[in-house]
Amino acid sequence: MTGPGNAAPASRRGGDCLAILVLLLAAAWVFWPALGGGKSFYYRDTPNYYYPEALLTSRAWLDGEMPLWDPRIAMGYPYHADPHSMVFYPLAALFMVLPFPLAYNAFVALHVALLGVFTFLLLRRWDLSPPAAALGGIALMFCGFTMSCTSLTTLLRGLCWTPLAMLAFDCWLEKESCRCLAAAAW
């Protein structure tokens, strides 16, 4: 049976999917010089800290090793215990799939895109229209703080997942479901 009640969720999903596609395309367009134009992120802490750490992790994984120790600093230090190293971070798998300079650039661009999508989903949960929620996602994706965090990938990773954690917590506030609370804590 079809009726107005059944058409609304399908049209809402269509509008949401279109808005998410726009967010992803906006990120691809802004970061195109780094994703396909031969450029790379190379400012602030990127060349001296984040890029070499990502390269060390990438090379170790490609050699079939777990990067446990970084010998470059003094007598070395426990690399896997450093949150900057990304040894146990799931999205760092990009470093095993793509050639390194592109993997680093895609890693940064993906986090900005996910930030926009997660913000959109949170704003939609708060009953904003798809255009308003998409504008909120775009605004957070390309604001000065986010663009500054592209050279500080530890901050970028935290920023990326914050709207999703807020979404899970908001779900818990409404349903008091342990699953939502576990998702917020994850």
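The model is predicted, so local features need pLDDT of at least 70 and side-chain atom pairs count only at pLDDT 80 or more, while totals for chains, interfaces and linings use all residues. Residues are numbered from 1 along each chain as its sequence is written, and side-chain values use heavy atoms, with hydrogens and water left out.

Let's begin with two helices (DSSP runs of H or I, at least four residues, numbered from the N terminus). Helix α5 (residues 100-125) packs against α8 at an angle of about 25°, and their axes, lines fitted to C-alpha atoms over the stretch in contact, are 9 Å apart. The pair is therefore roughly parallel, a label for angles under 35 degrees on a scale from 0 to 180 degrees between N-to-C directions. The contact of α5 with α8 is made up of 18 nonpolar, three polar and four charged residues; Asp, Glu, Lys and Arg count as charged, Ala, Val, Leu, Ile, Met, Phe, Trp, Tyr, Cys and Pro as nonpolar, and the others, Gly among them, as polar.

A polar atom of the S151 side chain lies 3.0 Å from the backbone oxygen of S148.

Now turn to R13, in helix α1 (residues 4-30). R13 counts as exposed (over 50%) because its relative accessibility is 51%. Between R13 and C180 there are 167 residues in sequence and 21 Å in space, C-alpha to C-alpha.

Definitions and conventions. Polar contact = N/O pair within 3.5 Å; in protein donor to acceptor, adjacent residues only side chain to side chain. Buried < 20%, exposed > 50% of the residue type's maximum accessible area, 1.4 Å probe, protein only. Parallel < 35°, antiparallel > 145°, perpendicular 65-115°, else oblique.
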